[in-house]
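Here is a short report on one protein chain. Look over the sequence and the model first, then read on.

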Amino acid sequence: MIVEEIMKKNVITLTPDDSLRSAIELMHEAKIRHLPLINDKHEIVGLVTERDIKAATPVLLEGDKAEDLLEQPLSKLMITSLITGHPLDFVEEVAYVLYIHRIGCLPIVQNKKLVGIVTGTDLLHTFVKLTGADQPGSQIEIRVPNRVGILHEVTSIFKNNQINVLSVLLYPDSLSLDHKVLVFRVATMNPLKLVQTLKEFGLDVIWPNTPGLEG
């Protein structure tokens, strides 16, 4: 999946010349935490976050000092060392960028123009969709040998039992370099019969680990 499929395309923006007050009001009204700042060519030149604004507005200021602070331009507090992405970047690569740099959003740029934005919330929602966690079903985890064809062998059992697979994930087995763990989301609310069948085929079902279903 590429970023273009999940990014917000109607990006809410301001300019570096806009005031801190306008940013606070706009972010509150739009319920956003990241505000890209653009120039007259629609190129991103900075970014202001909810955290930046909280740090820049001490709660104890009153009167003229508070008014002066709220009227200062966003250019005085915006982030200019920006990390950006491209619409054709893969979603998992963008997730890694957000994780490794500990940032909450990634402006998406094409031909130097701001064309979208992806946030950590967008990525979490995408993960939920990809795993099928938002659909009724059950999760089954199976430890399998790390060899060619093993996924086909396991899914053939699902097919023969007329079980629809909603999603498949694969991750390394922490106990053995020679094994992987397959995580299936399947369209059945009661997987016990399927689990029994998998065990009868000699597969190591590690979830659900139900007493009485030992193979």
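How many of the 8 residues of strand S7 (residues 179-186) are buried? The count is 6 of 8, and S7 is mostly covered. This is a predicted model.

**Pairing around S7**

| Strand | Residues | Sense of pairing with S7 | Bridges |
|---|---|---|---|
| S5 | residues 138-145 | antiparallel | 8 bridges |
| S6 | residues 165-172 | antiparallel | 7 bridges |

Glu141 has Val183 in S7 as its bridge partner. Tyr171 stands opposite Val181, again a residue of S7. A hairpin of 6 residues links S6 to S7.

**A nonpolar surface patch**

Helix H4 covers residues 91-101, and Tyr99 lies in it. Is Tyr99 buried or exposed? Its relative accessible area is 64%, so Tyr99 is exposed, as the cut-off for that label is over 50%. Tyr99 also belongs to a nonpolar patch on the surface, together with Tyr96 and Ile100. The three residues have about 390 Å² of accessible area together.

**In brief**

S7 is mostly covered and pairs in the antiparallel sense with S5 and with S6. Tyr99, by contrast, is exposed and sits in a nonpolar surface patch.

Terms used
Residues numbered from 1 in each chain as written. Predicted model: local features only at pLDDT ≥ 70, side-chain atom pairs only at ≥ 80, totals over all residues. Heavy atoms only, no water. Patch = residues over 30% accessible without salt bridge, like charges linked within 9 Å, V, L, I, M, F, W, Y side chains within 5 Å. Areas by Shrake-Rupley, 256 points an atom, 1.4 Å probe, with all protein chains shown as cover. Salt bridge = Lys/Arg side-chain N within 4 Å of Asp/Glu carboxyl O. Helix = DSSP H or I, 4+ residues; strand = E, 2+ residues; numbered from the N terminus. Buried < 20%, exposed > 50% of the residue type's maximum accessible area, 1.4 Å probe, protein only. Pairing = 2+ DSSP bridges.
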